[in-house]
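Please view the structure alongside the text.

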Amino acid sequence: MIVKITEAAMNKLKEMSRKDTQIPRIDADIAGGCGLSVKFSLVLDEPRRNDTIIEYEGVHLRLDHFTKRYLDEETQIDYLEDHGFIVGERFASSACAIEIN
């Protein structure tokens with residue numbers, strides 16, 4: 001898995017003031033039944049046990065195993081003043097997936 005962070009997103013992450021216990025996290029919001037709608041976001045959250053930690057230019061991002069399995073092989077994080085952080089190379093509001101057990 002490759003996570004790319006645009007210059008705008010990196011600048012915003014570096015300037016954000018965070019509490020010591022809160023870290024940036026890539027989070028997945030899953031909805032649906034047979035077909036799944038997956039929307040990714042970047043949030044400030046508490047560290048969780050078994051997180052995957054991605055270090056990029058001194059900034060640590062975390063994600064859990066649940067979120068990691070829904071990310072594309074290559075994921076981009078961007079930041080736009082009007083929309084905030086945008087996670088995903090398509091920059092769409094959601095991506096569809098079907099889980100087959």
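Two strands count as paired if DSSP finds at least two bridges between them. By that rule, strand E6 (residues 74-80) and strand E7 (residues 84-87) pair, joined by four bridges and running antiparallel. The model is predicted.

**The sheet**

- Three strands make up an open sheet in the order E1-E6-E7, and the pairing is mixed.
- Strand E1 (2-5) and E7 stand at the edges with a single partner strand each, so one side of each has no neighbour in the sheet.
- On average, neighbouring strands of this sheet are turned by 20° against each other, direction ignored.

**Strand pairs**

- E6 and E7 form a hairpin, with three residues between them.
- Asp78 has Ile86 in E7 as its bridge partner.
- E1 pairs with E6 in the parallel sense, over four bridges.
- Opposite Val3 stands Thr75 in E6.

**The helix**

- Helix H1 (residues 7-15) lies across E1, E6 and E7.
- H1 runs at about 65° to E6.

**Asp29**

- Asp29 belongs to strand E2 (residues 23-32).
- Is Asp29 buried or exposed? Asp29 is exposed, because its relative accessible area is 52% and the cut-off for exposed is over 50%.
- Leaving out residues up to four places away in sequence, Asp29 touches Ser37, Val38 and Lys39.
- Ser41 is 12 residues from Asp29 in sequence, and the two are 7.9 Å apart in space, C-alpha to C-alpha.

Methods:
Residues are numbered from 1 along each chain as its sequence is written. This is a predicted model: local features need pLDDT of at least 70, side-chain atom pairs count only at pLDDT 80 or more; totals for chains, interfaces and linings use all residues. Side-chain values use heavy atoms; hydrogens and water are left out. Helices (H or I, at least four residues) and strands (E, at least two) are DSSP runs, numbered from the N terminus. Buried means under 20% relative accessible area, exposed over 50%, partly exposed in between (1.4 Å probe, protein chains only). Contact means heavy atoms within 4.5 Å. Axes are lines fitted to C-alpha atoms, for helices over the stretch in contact, and angles run from 0 to 180 degrees between N-to-C directions.
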